Amino acid sequence: MPKEINLTLKIWRQKDRHSPGKFEVFKIQGIDIDKSFLEMLDMVNEKLTKEGRDPIAFGHDCSDGTCGACGAVINGQPHGPVRGSSLCQLHIRNFKDGETLVIEPWRAKGFPIIKDLSVDRSAFDRIISQVPDAQALPVPKDAQCINCGACVAACPNASAMLFVAAKVSHLNSLPAPEKKIRMLNMVAQMDREGFGNCSNSYECEAACPKEISVVHIAHMNKYYRQVNLS
Ligand code: SF4
Ligand code: FES
């Protein structure tokens, strides 16, 4: 594989949630394959800034897959083609020389676009706020959700079920009455935020950078039914 490759980037540009958006094409030459995807976007932004143009807005923070701030859909895949990886952990070596990448924001009613690739995920904050002491709860090893929203972006119905189910798994250490009310409140908030129903497509699991299993959705559904029957 060459040390440097050329890529064509078709990047979604949108001024704000009320403006129409469109793709803008960038031909980027000589990208070091050891660079991260976000470093490549920085390269594009340096060029845009030098030209006096508006840089591309995109979420980023930790660069090691722990904060959940990054995210974009690349050729239809949230966080790109590498399973179990967030966008900030994705490297240029995962693409072929001469490839065209279509880069879009998460698209979901519950995640309005702020600008370009950046979306408003405060709906997730409002769901999590139904568990005020969430930070103090032990997090199961298989449900270490980073609140990135890729599961919603991947779902044909923009369902947030994998996210909420992962959070419900965090409630297992709580006394039964408290667990029940927190779960019901999170589900009610999820519905208020306009996320769709789960359609069992499993796209959420495939897109999740923490590889959280849809088994958590099955557990939540079972618990929800039990609670409603009791
Ligand atoms: S369940 Fe996975 S994909 Fe969904 S928000 Fe959590 S970490 Fe991201
Ligand atoms: S920037 Fe923190 S998870 Fe990607």
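The structure holds zero disulfides, a disulfide being a pair of cysteine sulfur atoms within 2.5 Å. In general, a disulfide is a covalent bond between the sulfur atoms of two cysteines. The model is predicted: local features need pLDDT of at least 70, side-chain atom pairs count only at pLDDT 80 or more, and totals for chains, interfaces and linings use all residues. Residues are numbered from 1 along each chain as its sequence is written, chains are lettered from A and ligands numbered from 1 in the order in which they are written, and side-chain values use heavy atoms, with hydrogens and water left out.

Cys88 counts as buried because its relative accessibility is 8%, and Cys208 is buried with a relative accessible area of 9%. Buried here means under 20% relative accessible area, exposed means over 50%, and partly exposed lies in between, as found with a 1.4 Å probe on protein chains only.

Ligand 1 is surrounded by 13 residues, and the closest are Cys145, Cys148, Gly149, Cys151 and Cys208; a residue is near a molecule or strand if one of its heavy atoms lies within 4 Å of it. Two elements, α3 (150–154) and α4 (161–169), each give two or more residues to this shell. Such elements are DSSP runs numbered from the N terminus, where helices are H or I with at least four residues and strands are E with at least two. By class, the shell around ligand 1 contains eleven nonpolar residues, two polar residues and no charged residues. In this division Ala, Val, Leu, Ile, Met, Phe, Trp, Tyr, Cys and Pro count as nonpolar, Asp, Glu, Lys and Arg as charged, and the others, Gly among them, as polar.

Where does ligand 1 sit? Ligand 1 sits in the largest cavity, in the sense that more than half of its atoms lie within 2 Å of the grid points of that cavity. Cavities and pockets are found on a 1 Å grid over the protein atoms alone: a cavity is a set of points where a 1.4 Å probe fits but cannot get out, a pocket is an open set with protein on both sides within 12 Å along at least five of seven lines, and lining residues have an atom within 4 Å of a point. Grid points are joined across faces, edges and corners, and a volume is the space filled by probe spheres set on the points.

There are two cavities of 30 Å³ or more in the structure. The largest cavity has a volume of about 80 Å³, and its lining includes Cys145, Cys148, Cys151 and Cys208. Helix α4 gives the most to this lining, with three residues. The lining of the largest cavity divides into eleven nonpolar residues, one polar residue and no charged residue.

The second largest cavity holds about 70 Å³ of space. Among the residues that line it are Cys155, Met161, Cys198, Tyr202 and Ile217. Both α4 and α6 (203–207) supply at least two residues of this lining, which by class has seven nonpolar, four polar and one charged residues.

The largest pocket has about 300 Å³ of space and is lined by 17 residues, of which Met161, Cys198, Ile217, Met220 and Asn221 lie nearest its centre. The elements giving two or more residues to this lining are α5 (176–192) and α7 (215–229). The largest share, six residues, comes from α7. The lining of the largest pocket has twelve nonpolar, four polar and one charged residues.

The volume of the second largest pocket is about 240 Å³. Its lining includes Ile128, Cys145, Lys167, His170 and Met186, and divides into eight nonpolar, three polar and one charged residues.

Three further residues complete the account. Asn228 is found in helix α7 and is partly exposed, with a relative accessible area of 48%. Asn228 and Lys180 are 48 residues apart in sequence and 10.0 Å apart in space, C-alpha to C-alpha. His79 is located in the loop between β4 (77–78) and β5 (100–104); its phi is near 70 degrees, a positive value in a residue other than glycine. Is His79 buried or exposed? With a relative accessible area of 1%, His79 is buried. Tyr202, in the loop between α5 and α6, has a positive phi of about 65 degrees although it is not a glycine.
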